Amino acid sequence: MIQDIQFQIECLAAELTEMLMAEYGWGIRRALDELYTSQTFAKLNDPECGLYYQGAVYIFQFLKSEIETGKPE
């Protein structure tokens, strides 16, 4: 079960990284740094939160808000 959750999180992280690169024109390193240091990713990585059940587009809205305002929506 834990491996399934981790796999799902990793797939979402890959999608979110691509979305960051497309949205902001960043390279992969900058996109990964922004993602992995965000509060949104911390919530995504917390199985208790259940954010990993959501789609990448939904999660990206939280991430984008956090990047642009400094806090998650």
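Let's start with helix H1, residues 2-24: at 1.5 Å a residue, its 23 residues should span 33 Å, and the end C-alpha atoms lie 32 Å apart, which agrees. Please keep in mind that this is a predicted model. The protein has 4 helices and 0 strands, and its elements run α-α-α-α from the N terminus on. Its radius of gyration is 12 Å, close to the 11 Å that the globule rule gives for 73 residues, so the protein is as compact as a globular protein of that length.

**Helix H1 and its partners**
- The buried residues of H1 are Ile5, Ile9, Leu12, Ala13, Leu16, Thr17 and Leu20.
- These buried residues pack against three partners: helix H2 (28-36), helix H3 (39-44) and helix H4 (56-69).

**Overall shape and packing**
- The C-alpha trace spans about 35 × 25 × 20 Å along the principal axes of the protein.
- Of the 73 residues, 34% are buried.
- If you take the contacts between residues at least 6 apart in sequence, 57% of them join residues at least 24 apart.

**Surface and charge**
- On the charge side, you will find 5 positive and 12 negative side chains.
- The centres of these two sets of charges lie 9 Å apart.

Terms used
Residues are numbered from 1 along each chain as its sequence is written. This is a predicted model: local features need pLDDT of at least 70, side-chain atom pairs count only at pLDDT 80 or more; totals for chains, interfaces and linings use all residues. Side-chain values use heavy atoms; hydrogens and water are left out. Helices (H or I, at least four residues) and strands (E, at least two) are DSSP runs, numbered from the N terminus. The radius of gyration is taken over C-alpha atoms; the globule rule is 2.2 Å times the number of residues to the power 0.38. Buried means under 20% relative accessible area, exposed over 50%, partly exposed in between (1.4 Å probe, protein chains only). Contact means heavy atoms within 4.5 Å. Lys and Arg count as positive and Asp and Glu as negative; His and the chain ends are not counted. The place of a charge is taken as NZ of Lys, CZ of Arg, CG of Asp or CD of Glu. The expected span of a helix is 1.5 Å times one less than its number of residues.
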